[in-house]
Amino acid sequence: MHMTSRFVRYAVVCSIAAAVATMQAHAAAPPIHHPVAAIQDTETTAQRDARMAWWRDARFGMFIHWGLYAVPAGFWQGKPVHGIGEWIMNTGKIPVADYKKFSAQFDPTQFDAHTWVSLAKAAGMKYIVITAKHHDGFAMYASKADAFNIVDATPFKHDPLRDLADEARRQGLKFGLYYSQVQDWTAPGGAAIGGHWDKAQDGDFAQYLHTKAIPQLKELLANYHPDVLWFDTPTDAMTPQLASEIVALLDRYPQLIWNNRLGGGYQGDTQTPEQYIPPQGFPGEDWEVCMTINDTWGYKSNDAHFKSTKMLLQNLVDIASKGGNYLLNVGPDARGVIPAPEAERLQAIGHWLDVNGESIYDTSATPFADAHGSYSPTEKDENGKPRWIPTWNWRATRRPGKVYVHLLEWPGASFHVADADIHATGAYLLADPHHTPLKLTQDGKQLNVQLPAKPLDSIDTVLVIQTKS
Ligand code: H79
């Protein structure tokens with residue numbers, strides 16, 4: 001019975017609202033019997049804490065959607081195809097043979113792993129997750145299991161994942177791989193949300209899994225030792241039995257972290273809200289917001305709708321204040337270049353983190369019952385529930401002995417909290433090199449800190465409140 005209701009929830013319907021609802025429903029799912037026990041079923045809390053430790057400290061990661069879709073870059077037969085760029089084959093109903101022909105044009109000679117990893121590092125990101133294979137079925141690495149890959153099917157003939165995995169380790173970043181395990185629009189039997197549109201896609205899903213997805217996952221695990229595996233778009237094609245074959249493989253890598261999108265009733269390690277920040281986070285759970293920097297994951301030449309540095313930084317702070325991670329996407333083009341507007345924003349965030357990183361990394365959620373926002377009394381969201389309206393006055397993060405108040409709007413001569421359940425002993429601004437003490441008064445739960453006339457940072461000036469504990 002439980003399994004049936006899970007499948008209904010997991011059935012991916014073609015609407016973003018449904019996809020979001022699917023992900024939100026996850027937490028409440030009752031435990032079900034797994035044909036093969038996953039690591040989450042067997043490890044102790046202490047073991048789990050040790051396995052998740054680096055990920056919890058990291059807070060900020062780089063998602064990279066890079067694949068064959070960067071060649072059409074949002075256009076098919078001279079016309080723009082609406083929607084997210086990595087979906088162009090599906091949205092444009094491009095025949096398999098035509099899509100495969102893009103590989104002859106894919107020659108990203110400007111790709112340089114050192115440049116990409118250096119950018120992630122300069123942005124203050126602690127891990128990278130890159131698409132090893134997206135829904136189009138094109139493998140971005142040297143795959144012996146399937147010839148539709150960047151080494152065998154392009155003039156480039158080179159494995160960028162090898163370079164990136166090695167370079168990430170060299171620069172001290174964790175390395176993760178995205179793998180589309182259910183959808184595959186060019187392999188016979190692979191699933192396609194919305195249904196197949198080409199006879200070449202006909203086939204048996206289990207056979208696809210056994211001849212392509214599982215062999216490729218084996219290659220990826222053995223050859224690149226990813227720290228994270230990021231699955232996507234589970235559908236009911238992924239039965240508990242089939243998923244358990246993948247889990248048996250994952251179990252051989254006891255340090256691996258994998259997300260909640262495998263399917264087959266497996267919970268994985270992390271909640272993965274996509275393109276939104278959950279109003280209260282997922283208290284007590286590990287969670288990661290994945291988000292585009294413009295309106296597409298895979299490169300589109302006609303999408304210049306970039307989020308501002310201010311908005312991106314506010315998002316990072318908002319997420320950290322609720323105890324989550326921010327996996328922010330970049331979409332490199334078919335030359336192998338991360339678009340300049342994306343790189344500029346990441347560098348600006350990195351400059352802020354150079355000064356204020358202590359208030360983000362390895363912190364935990366706010367100690368204050370502060371208002372992150374409120375539910376609208378009138379507006380409804382995509383699910384018909386009251387819409388969450390965030391406010392952007394301030395957020396807080398903490399670590400033992402310190403609370404960090406992120407002042408997103410300068411409050412004037414003083415900062416005041418009416419319901420501060422802390423014992424404050426001092427205060428200063430994190431960006432002040434001298435950490436000059438600020439005048440602080442506490443009367444019960446009323447906390448007041450005197451501030452200078454102007455903020456030290458135009459987006460987020462961090463007020464450090466020292467605490468007893
Ligand atoms: O990899 C990125 C997306 O391609 C992938 N997840 C992120 C990380 C993703 N696949 N599906 N979805 C997200 C949700 C499904 C959205 C859909 Fe649609 C709505 C599929 C069909 C309608 C968006 C709009 C894609 C095509 C039209």
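Predicted model: local features only at pLDDT ≥ 70, side-chain atom pairs only at ≥ 80, totals over all residues.

Residues are numbered from 1 along each chain as its sequence is written, and side-chain values use heavy atoms, with hydrogens and water left out.

The protein contains 12 helices and 18 strands; helices (H or I, at least four residues) and strands (E, at least two) are DSSP runs, numbered from the N terminus. Its radius of gyration is 23 Å, close to the 23 Å that the globule rule gives for 469 residues, so the protein is as compact as a globular protein of that length. This radius is taken over C-alpha atoms, and the globule rule is 2.2 Å times the number of residues to the power 0.38. The C-alpha trace spans about 70 × 50 × 45 Å along its principal axes. Of the 469 residues, 55% are buried, where buried means under 20% relative accessible area, exposed over 50%, and partly exposed in between (1.4 Å probe, protein chains only). The protein exposes about 18900 Å², and carbon and sulfur atoms supply 55% of that area; accessible areas come from the Shrake-Rupley method with a 1.4 Å probe, and for residues only the protein chains shown count as cover. Among contacts (heavy atoms within 4.5 Å) with a separation of 6 or more, 70% are between residues 24 or more positions apart.

Two strands count as paired if DSSP finds at least two bridges between them. Strands of a sheet pair through backbone hydrogen bonds, either parallel or antiparallel. Strand E1 (residues 60-64) pairs with strand E4 (residues 127-133) in the parallel sense over 4 bridges, and Ile-64 stands opposite Ile-130 in E4.

How many salt bridges does a search of the whole structure find? The search finds 24, a salt bridge being a side-chain nitrogen of Lys or Arg within 4 Å of a carboxyl oxygen of Asp or Glu. One of them joins the side chains of Arg-56 and Asp-286 (2.8 Å, N to O). This pair links distant parts of the chain, with Arg-56 in helix H4 (residues 45-58) and Asp-286 in the loop between E7 and E8, 230 residues apart. Arg-56 counts as partly exposed at 25% relative accessibility, whereas Asp-286 counts as buried at 9%.

Another salt bridge brings together the side chains of Glu-358 and Lys-402 (2.9 Å, N to O). Glu-358 lies in the loop between helix H12 (340-356) and strand E10 (373-380), and Lys-402 in strand E13 (residues 402-407), 44 residues apart. Glu-358 is partly exposed, with a relative accessible area of 31%, and Lys-402 is partly exposed, with 22%.

The side chains of Glu-379 and Arg-387 also meet in a salt bridge (3.3 Å, N to O). Salt bridges that share partners join Glu-43, Arg-48, Asp-49, Arg-51, Arg-56, Asp-269 and Asp-286 into one network.
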